[in-house]
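Colleague: I would like to go through this model feature by feature. Please give me the general idea each time, then the case at hand.

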Amino acid sequence: MHDRFKYILLLSSLPLHPKSFITAKQTPVSRIQLDRRLALLSEGDAAELARIESILRWGKNVDETDLASVKANIQLLALIQHPILNHIVSWRLELRTVLSALRIRQAGINPATANVFYGFGKWPELIKKNWHEKEFGISHLIPWLPEANKLFEAGDSLELEKFMLDLVWQYYARLGNDHYFDFVAVVIYVLRWDLISRWSSYDRDEAKLRFDELVNAGLLDF
């Protein structure tokens, strides 16, 4: 079967996502049902999707160091061949990098030790250079940073989670507008499904505990 026909068949069999994940009480399709549809993917596409989900999967191993996490994800990222998908994953990793920096500063780590700060993309060097500056002097480049920083400092895990998930949700929606029946559209569908799954199973008390664990342990997991 031609790949494009597979994508059309696969995506046509899936229910639409809601406009907003916030009101969703459950995912539009179970993971078992979703995986059955994804069985239509070629071996190469399935491996690519598995790499992407592995990097972005909710529930990072909190025993893993930031350095180990960065190295492992850089290796996986290098294997993602599709430019747009590589861009999507890179964007998420850069987002985590900025949140990780907020976490380190919130934890009161001496700025002199900031040289051990690890992350992805263009932000680590700027963050270390501007460690003493409010929002690392880069809020004009990252519009969402001031609000995230405010929620982070307030320890409001619920609102921070909702704010960051909505940021990611809207980002996927914008990219998805240019893709309908191709592999990128399939991946975006799965990633948005994951956001709904995460939010619909949200438990405030468990989330607070997980937030505290991640703050104490390493790169945040949005």
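Modeller: We can begin with how lining residues are sorted. Ala, Val, Leu, Ile, Met, Phe, Trp, Tyr, Cys and Pro count as nonpolar, Asp, Glu, Lys and Arg as charged, and the others, Gly among them, as polar. Note also that this is a predicted model.

Colleague: How does the lining of the largest pocket divide into nonpolar, polar and charged residues?

Modeller: The lining of the largest pocket has 13 nonpolar residues, six polar and two charged. In total, 21 residues line the largest pocket, and those nearest its centre are Leu-16, Gly-176, His-179, Tyr-189 and Arg-192. Helix 1 (3–12), helix 8 (157–176) and helix 9 (183–200) are the elements that give two or more residues to this lining. Helix 8 supplies the largest share, five residues.

Colleague: What is the volume of the largest pocket?

Modeller: The volume of the largest pocket is about 510 Å³.

Colleague: How many helices and strands does the protein chain have?

Modeller: The protein chain has 10 helices and zero strands. Read from the N terminus, the order of elements is α-α-α-α-α-α-α-α-α-α.

Colleague: What share of the residues of the protein chain count as buried?

Modeller: The cut-off to keep in mind is that buried means under 20% relative accessible area. In the protein chain, 46% of the 222 residues count as buried. For the contacts, take those between residues at least 6 apart in sequence: 73% of them join residues at least 24 apart.

Colleague: Which element holds Glu-48, and why is Glu-48 classed as buried?

Modeller: Glu-48 sits in helix 3 (residues 43–56). Glu-48 is classed as buried because its relative accessible area is 6%, and the cut-off is under 20%. The side chain of Glu-48 also makes a polar contact, at 2.8 Å, with the side chain of Arg-51. Apart from neighbours within four places in sequence, the residues in contact with Glu-48 are Leu-79, Ile-80, Gln-81, His-82, Leu-85 and Phe-183.

Colleague: Now aromatic pairs. How many aromatic pairs does the count come to?

Modeller: The general idea is to look at the distance between ring centres and the angle between ring planes. Rings pair if their centres lie within 6.5 Å; planes under 30 degrees apart count as stacked, over 60 as edge-to-face and the rest as tilted. By this rule there are six aromatic pairs. One of them joins Phe-21 and Trp-169, with ring centres 5.7 Å apart and planes at 50 degrees, so the pair is tilted. This pair links distant parts of the chain, since Phe-21 is in the loop between helix 1 and helix 2 (31–38) and Trp-169 is in helix 8, 148 residues apart. Both Phe-21 and Trp-169 are buried.

Colleague: Which residues form a cluster through ring pairs?

Modeller: Phe-21, Trp-169 and Trp-199 are linked into a cluster by ring pairs. Tyr-171 and Tyr-172 also form an aromatic pair, tilted, at 6.2 Å centre to centre with 50 degrees between the planes. Tyr-171 is buried, as is Tyr-172.

Colleague: Turning to backbone angles, what is the phi of Glu-135, and what is the phi of Phe-136?

Modeller: Glu-135 has a phi near 50 degrees, a positive value in a residue other than glycine. Phe-136 is not a glycine either, and its phi is positive, about 60 degrees. Glu-135 is in the loop between helix 6 (123–129) and helix 7 (145–154), and Phe-136 is in the loop between helix 6 and helix 7. Glu-135 counts as buried at 7% relative accessibility, and Phe-136 counts as buried at 0%.

Colleague: Where is Leu-40, and which residues does Leu-40 touch?

Modeller: Leu-40 is in the loop between helix 2 and helix 3. Not counting residues up to four places away in sequence, Leu-40 touches Lys-6, Leu-9 and Leu-10. The C-alpha atoms of Leu-40 and Leu-9 are 8.5 Å apart, and the two residues are 31 apart along the chain. Leu-40 counts as partly exposed, with a relative accessibility of 28%.

How values were computed. Residues numbered from 1 in each chain as written. Predicted model: local features only at pLDDT ≥ 70, side-chain atom pairs only at ≥ 80, totals over all residues. Heavy atoms only, no water. Helix = DSSP H or I, 4+ residues; strand = E, 2+ residues; numbered from the N terminus. Buried < 20%, exposed > 50% of the residue type's maximum accessible area, 1.4 Å probe, protein only. Polar contact = N/O pair within 3.5 Å; in protein donor to acceptor, adjacent residues only side chain to side chain. Contact = heavy atoms within 4.5 Å. 1 Å grid on protein atoms, 1.4 Å probe; cavity = no way out; pocket = protein on both sides within 12 Å on 5 of 7 lines; lining within 4 Å. Points joined across faces, edges and corners; volume = space filled by probe spheres on them.
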